[in-house]
Amino acid sequence: EIEASERDRARRKPPESLDAWERFQRGLSHFYRTSKDDNEKAIRLFAEAVELDPTFAAAHAYHSYASWWGVPMGFSDDPNSSLAVAREAAERAAAIDPQEPLAHFSLGRLHIFAGEVEMAIREMQTAVSCNPNSARAHYGLGFACHYGAGQLDQALNHYDAALRLSPRDPQRWLTLTLKGEALRTDGRYDEAISHCQQACQFPDCGFISYMHLAASLVGDGRDQEALTAIERAKKINRDLSIEFLRKRFISMHETLFQSLLDNLRKAGLPEA
C-alpha cells in the first residue's frame, strides 16, 4: 500500500522535479505494466535514479531486473546487450548492499540465462536468507528449482510461500502462472488451469499467462479452449511462436521445455 501510494505521488509530479527516490518510484509504476514502452521507460528511470544516487542499491537491482525482463517478454531488441547491462547492474547492487534480496534474485535469474543452474539456486537461496518474508525471493527460488532444475516439488513449495507472503504483489500473476505450469508438468491439469485462469484476470499478465493456460488446456483435452487462449496470447504478442520461445526462453530445463512446446503446438502455436 505504501509503495503504491509513493508510485502514484511520483507520477503526479513533473519529471524535472523528480529526485532519485521519486524516479525510482516512477520507474516501478512503469515496470509493473507489461508493455515494451513501459519497460523502456522503467529502464530509463531506474538508470536516472542511480545516476542521481550511485549508492541506491534497490534502483540498481530494479535496473537489472527491468533489463533482463525484456528478454523473455520480447521487449529487448538486443538480448545479449540487455543481459550484459542487467548483470553489471545486479553486481553493483549486490556490492553496494549485500543484503538487498532483489540483487541476488536478479543475479540468480542471470545465472539461469547462462545455464548455471546450481549457481542460480544458490543466489536465490541467498535472496531468501536476506529476507525470508520476500515473496519475490521465494518466487525466484521456486523458479530456479522449476525452470532451471526441473525440481517440481521444491518449486511448488516456494511458489506457495510467495503467494502466501504477498497477496497484493503486482506480479502475483507471474507466480500463479509458473505454479500453474509446474502443476501442468506434474499432470495436475485442473489445478494448473485454475491457477493460469487466475493469472489471466490480471490486466498486466501479458502473453505468458495465456500461453501457459493453453498448454494446460491441451493437457486436459480441451483443445478448442486452448486455441482461444493461444489466439489471445498471439494478440498480445504478435511475434509469439515456437521459434520465438526457443530464442527467448533461454536455458529452460530441456524436458520441461519440450513438454511445453509439444502442448503449444497442439494448441495451434505456429513454428515461426
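This is a predicted model: local features need pLDDT of at least 70, side-chain atom pairs count only at pLDDT 80 or more; totals for chains, interfaces and linings use all residues.
**View 1. Lys-266 is placed in helix 15, a helix being a DSSP run of H or I with at least four residues, numbered from the N terminus.** With a relative accessibility of 61%, Lys-266 counts as exposed, a word used for over 50% relative accessible area, while buried means under 20% and partly exposed is in between (1.4 Å probe, protein chains only).

Residues are numbered from 1 along each chain as its sequence is written, and side-chain values use heavy atoms, with hydrogens and water left out.

**View 2. Ser-251 sits in the loop between helix 14 (242-248) and helix 15 (254-267).** Its phi is near 65°, which is a positive value in a residue other than glycine, and Ser-251 is partly exposed, with a relative accessible area of 30%.

**View 3. Arg-248, in helix 14, is buried yet has no salt bridge.** A salt bridge would need a side-chain nitrogen of Lys or Arg within 4 Å of a carboxyl oxygen of Asp or Glu, but the nearest side chain of opposite charge (Lys and Arg count as positive, Asp and Glu as negative, and His and the chain ends are not counted) is that of Asp-77, 5.8 Å away. Leaving aside neighbours within four places in sequence, Arg-248 is in contact (heavy atoms within 4.5 Å) with several residues, among them Gly-70, Pro-72, Phe-75 and Phe-113.

Definitions and conventions: Helices (H or I, at least four residues) and strands (E, at least two) are DSSP runs, numbered from the N terminus.
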